[in-house]
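Please keep the sequence and the model in view while reading.

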Number of protein chains: 2
Amino acid sequence: MAKIADLYYKADPFQIIEEGFDPNYAKISESIFSLGNEYMGVRGYFEEGFSLDSLVGSYFNGIYEREEVSSQNYKGIIDNTEFMVNSVDYFYTKVLLDGETLDLATAKIHKFRRCLDLKTGVLRRSFIWELNNGKQVEILFERFLSMSDANMAGQRIRFMPLNFDGSICVSLGLDFTRPHYMSGKNYFSCDEKRAENDNLFIVGTTKNTKQKIASMCKIELPNSPIGVIEKEDNKITLTYQIDLKKQCEAVITKVICNIVCKKSEETNYKKFNVKCEDKWRERTNFHYDQLLAESIEWWEKKWKESDIVIEGDDLNQQGIRYCIFQMHQTYHGTEAGTNIGAKGLTGEAYSGNAFWDTETYCLPFYLFNNLKAAKNLLMFRYETLEEAKLRAKELDCRGAFYPIATISGKECCSLWQHASLQLQASTGVAYGIYTYVKLTKDMEFLHQYGIPMLIEISRMLATRGDYNADGTKYGFYGVMGPDEFQMMVNHNCYTNALGKMTLRYTYDVIEQLKKEGFSEEEIARRYQVSHEEIEDFKKKADNMWIPYHTDTKLFEQHQGYFELPHVDVDAIPIEDFPLYHHWTYDRIYRNDMIKQPDVLMMMLLFNSSFTLEQLQANYEFYEPRCIHESSLSPSVHSILASQLKKHKEAYQFFGFATRMDLDNYNRNTGEGLHTTSIAAAWMNIVYGFGGMRSDGPILSFTPSIPESWNSYSFRIRYQGSVIKVEVTKNETAFQVLEGNDVPVKIYETEYTLGQSRLKVELP
Amino acid sequence: MAKIADLYYKADPFQIIEEGFDPNYAKISESIFSLGNEYMGVRGYFEEGFSLDSLVGSYFNGIYEREEVSSQNYKGIIDNTEFMVNSVDYFYTKVLLDGETLDLATAKIHKFRRCLDLKTGVLRRSFIWELNNGKQVEILFERFLSMSDANMAGQRIRFMPLNFDGSICVSLGLDFTRPHYMSGKNYFSCDEKRAENDNLFIVGTTKNTKQKIASMCKIELPNSPIGVIEKEDNKITLTYQIDLKKQCEAVITKVICNIVCKKSEETNYKKFNVKCEDKWRERTNFHYDQLLAESIEWWEKKWKESDIVIEGDDLNQQGIRYCIFQMHQTYHGTEAGTNIGAKGLTGEAYSGNAFWDTETYCLPFYLFNNLKAAKNLLMFRYETLEEAKLRAKELDCRGAFYPIATISGKECCSLWQHASLQLQASTGVAYGIYTYVKLTKDMEFLHQYGIPMLIEISRMLATRGDYNADGTKYGFYGVMGPDEFQMMVNHNCYTNALGKMTLRYTYDVIEQLKKEGFSEEEIARRYQVSHEEIEDFKKKADNMWIPYHTDTKLFEQHQGYFELPHVDVDAIPIEDFPLYHHWTYDRIYRNDMIKQPDVLMMMLLFNSSFTLEQLQANYEFYEPRCIHESSLSPSVHSILASQLKKHKEAYQFFGFATRMDLDNYNRNTGEGLHTTSIAAAWMNIVYGFGGMRSDGPILSFTPSIPESWNSYSFRIRYQGSVIKVEVTKNETAFQVLEGNDVPVKIYETEYTLGQSRLKVELP
């Protein structure tokens, strides 16, 4: 069960560096060197083509296709699913020299170096290509996606002939011919494509969902040769002959603009074309360097706000910066209406679906870094409320049942045992609203968007749940909690607890409205909810059964869990992992083994509600039963271990949190990055070692420092202020870098943080 | 929830009669008028063609096709399934007169009458066909499948022109072109077809399973006209012009011989051809009447042994004889290697699969009517033991895991929640061995076939089960019992009880071997089982936990069942049924509603192990929670209600048992007959009203009689003797018709039954 690091990239505080090219890492590097700007994402594939296995993936947030799934024809089981679809390769390039085509799978190359600069978001790749005839040319590929203008991207190629004069043939283009890797099918048709001077224009339309992507580019070359236009069904290219002079650089740049139209009903062809042309006109004269400079400026600001510095641990320093970089790349809330896919925009695994855990695992990062993004994540749920209401109906419930996995708001999980039994997407939304409002006091959001969602979710909970036989316990029967190794259970502690919170919070915000002077009639009219229903929410919250044993202080993961056969997880042979591949499906569900913390997750979400003794008892009971087959699991354990002052254990669990993908711990980084786990790594430092908590009455910290670190620091945005926390071996320093003073609790003492550094000794 | 009879056929003690033709009942009648002889089955379709919806079904026991099912790619979930495939229409006929084709969907007809004679197994259909030109011809179609020689079938057609002389054109043939109704696909290719004189020969080979069906026929006609041969890819026909003389009968007969080759490795083409030709030569000169006479003789003998006579209730008289008739048609043990499909050989629903309940629901009928058939049913399990061992391996168990649904022995159920969680197919086999050996004392069977199966099943149970957390309770986790409305539960009472019986019985038979002088070494060598393993079986049997509450005398259906939310099943609106169509899939599993009796089934199987008080408590608890969505449910309730002297309730539950299909209670008889429910109807009378039990130390009876009946009688074969039981309003008479004296218990007194009638007063 021990995960093993596969160290490949060079350690560096702000860069990911590959020196020398090993084809075995080609697909992993494609994921690692992915770029994204929330709007679009592109894997770090070799744009000139690569004849070994390669996932030439280019994705747009919210651009998806739909396919039938063979259903079992029972009510409530979905019969079609949606997935983020692989689309246009706007970095398309071919390089031909003296009859040889550049292909790193076969070419003789020297001094290969690839480097992703986390500070600027620029990916560079350089090498010397030696032809069969002995000619050598140094080549540099550079690319970036603009963070400041999400439609824009840039590509630069430099050729430097080392030992010859000659002519190189380069094709550049926009290519919609790439298949979706998972299905091998191409889902685009391209009716419109044009070339004018050195400009290319192509529009791809998805076959079933009828969404559109317009991709445009402008090419600049030395000595402006005339390009030869080639058009295929789904591709348009320009091919140039470029003169090379020994030891002189020839530089090509390509400025790219991509625009999507997500809603098929809005794809009025002419309107969309006009919009694209307007945008193009506006941006076309911007030079590559100018665009890049804007984007670098964006990154500079972000790093200032959200950097984490670790001294004395180069690998984790690199790792955590990579996590922060990827979080910003994946989502920063520019646009409402999208969510965070399990693999971000870096691969096709999990179908680009956003899972139930956005609000529990990803939201905290944004709540303390980028409130606009946090709000937009919640707005995604508001905008998909109608879909969630339809889903509830399909599931014989009233109200709203949020999907376990989704792109457009529709449930995309074809496994009923997850899609129908996991209520935590819905309660997660409620928890997200609760934490967002608690931190921001954004009452406008609460009144306009939050309450309608809360009412519909509570309505679902009040109809999905049941009272037990003697009517004394309310709770949820036939559910699967976050721990997916206990499939269909009753009174799952996490689900009941989150259900109780949701029902009670909904009641409370309505009560608050009344205190603010809203009459029952106004509330009923505005929110379409009766007094009786709100009272029913309260009653069910009051009667919600939380399986708890006072003698042992243990929460029982679900009714009867403590009676289950015990499995010694440490005795499971390593070759049995991952269990889903080696154990019969149902065998996984027949014992007390858990995949990820379920009770512990509850104790983290409502941390201030539990005593340290309770936390300790439950941690010590559940930790040995957990196999951490979810990538989110170790961070939760690490955070709570820190709280329990099990510092060594905390650091062990932190282990691969920041480097899950860089070191390919799960051996599947090639399929895409573990985006939500990246979010957990951030939490691991801020909530874990930093001991930050925001669920109590006041923001609090209980910092500790891993033995091997000299110091670390992090920054958060909190109620308009930027707070910097620096932790060294002996003390912690707090400082407000920007904004007003902030009251906080550090260990057990309350302070008011201001612009002068406050130092507190480590206990 | 009340089921409503759709009375359509005329009541008659020994015939099923349709008078006048209603096209709305066409497909139902196709099922009702199905013929079968275990080897083959043919629906009662109109052989001359029918242009409305029709399932022209012709099936052979053990002839199946295989198709991929989209799997969820988890271990232990099947990825292809097998189904009994629709095959050759050997009654193929076309009738053309004066340019009009006979088609009862459009023809003008008079005096339509169809009659299935249960005494002889002959199906006759007659009507007058009036042409547009006023010509009238009386037509009689007759068919039978031979019970004495299962390869043979006969078809006879009589034409009687009522008001004209003329010529009629008749095509007769063998037709493999019919699609499988459920998929719309045809699964046969026919390389070989020949016509010689009035003989036709065709061989169809299934596309994936490469099984073969040779179909041959010999046609006899008046005045021997020369037939015109027509061959299509999958069909061969002879077309004749037949002279008709006013008021004179013209009779055509067709003697058919069908031979199948089930194992593809044995389909050596030449060998199979020789076999078919030999058989054909042997039988070809038999005339239709001769074949029919042999078959009728078979039926006469059967009725003598197994008739049930009911006086004072014409509908149930007809119904129970129809059930007995269908049981014999479906299976009578001529050949080992086949089993009983859920729809017998009468339709494609349930894919022709035999389900887990063969040994619990069908076996009793054969145990008391046809021991050879009973043994062959068990031999099917022995012959598929290797498949069951492979399946166990797939499910991470040792030993043998028998399939929930199967044709060839392979698991065919693609729903993991049934295929992986239901253990009752395996324990059912063990129970079948136990009851068969108990009744027959067939120690040779036990030693040669029974023990190897018992050991492998016990081995599976000993690895599939687990001890609870504190090691005090052994049992099965993550199972579904016979009641499929409690999906994934722990310590299902039925499963644990049957598991306990199986493990203990296996231990006992091995102990018995030792007493008979077998050394441990001999046993180990012969059965490949160690002393330690046998001791482990015993230990697990001893530790098996049966959830029982001494205070209430209630067995709990599974651990935690009594805590489940209560559903008032009587309050469910009728339009919600069937629930699988109207309730969200998972909603069905979240309460205390049950689909069929589970605890009660256990109490029937081990009837003598429970007190009447226990039975009463459990009956009264579970009956109101049962919605009887399984067609087997009412009979079990009726039998136990009789035992509890709830005679009115017993008769109410008996209600539609004998006429489930005749009156189309479930509105799906058109898809095929409910074969296992037919078996339950027999049990309902013999075990229910007759109060017969064989699980105690001595065969016992506690007869009662439904109020509306004057008398009823049944016959059983028991240890070589035929016993007749007659029950009137006041008394019961017992008599051995054939064979030795039999000791029995009647009510509470022991007697020895002999050839003179023993009369006992009803209590």
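## Two helices in contact

In chain A, the residues A:K500, A:L503, A:R504, A:T506, A:Y507 and A:I510 of α11(A) meet A:I534, A:F537, A:K538, A:K540 and A:A541 of α13(A). Two residues are in contact here if their C-beta atoms, placed from the backbone, lie within 7 Å. The residues of this contact divide into six nonpolar, one polar and four charged. Ala, Val, Leu, Ile, Met, Phe, Trp, Tyr, Cys and Pro count as nonpolar, Asp, Glu, Lys and Arg as charged, and the others, Gly among them, as polar.

This is a predicted model, in which local features need pLDDT of at least 70 and side-chain atom pairs count only at pLDDT 80 or more, while totals for chains, interfaces and linings use all residues. Residues are numbered from 1 along each chain as its sequence is written, and chains are lettered from A and ligands numbered from 1 in the order in which they are written.

Two packed helices are described by the angle between their axes and the distance between the axes. The axes of α11 (residues 493–515) and α13 (residues 531–543) of chain A come within 8 Å and cross at roughly 140°. Axes are lines fitted to C-alpha atoms, for helices over the stretch in contact, and angles run from 0 to 180 degrees between N-to-C directions. Helices (H or I, at least four residues) and strands (E, at least two) are DSSP runs, numbered from the N terminus.

## Strands and hairpins

Strands of a sheet pair through backbone hydrogen bonds, either parallel or antiparallel. Two strands count as paired if DSSP finds at least two bridges between them.

| Strand | Partner strand | Bridges |
|---|---|---|
| β2(A) | β3(A), residues 40–42 | two |
| β10(A), residues 122–130 | β11(A), residues 136–145 | eight |
| β11(A) | β12(A), residues 152–161 | nine |
| β17(B), residues 228–232 | β18(B), residues 235–244 | five |

An open, antiparallel sheet of three strands in chain A has the order β2-β3-β4. Its edge strands are β2 (35–36) and β4 (58–60), each of which pairs on one side only. A:L35 has A:V42 in β3(A) as its bridge partner.

Further along chain A, A:I128 stands opposite A:E138 in β11(A). The hairpin of β10(A) and β11(A) has five residues between the strands, and A:G134 takes a positive phi near 90° there. Six residues link β11(A) to β12(A) in another hairpin, and A:L140 stands opposite A:R158 in β12(A).

In chain B, β17(B) and β18(B) form a hairpin with two residues between them. The bridge partner of B:E230 in β18(B) is B:T237.

## How the two chains meet

Chain A is superposed on chain B by a rotation of 179° with 0.1 Å of shift along its axis (RMSD 0.1 Å). The two copies are thus related as by a two-fold rotation axis. The superposition is made by least squares on the C-alpha atoms of residues with pLDDT of at least 70 in both copies.

How many residues does each chain bring to the contact? Chain A gives 40 residues and chain B gives 40 residues. On the side of chain A that touches chain B, β23 (466–467) and α14 (579–582) each supply at least two residues. The residues of that side divide into 18 nonpolar, 13 polar and nine charged. Of the interface residues of chain A, 100% are also interface residues in chain B, so the copies meet through the same surface.
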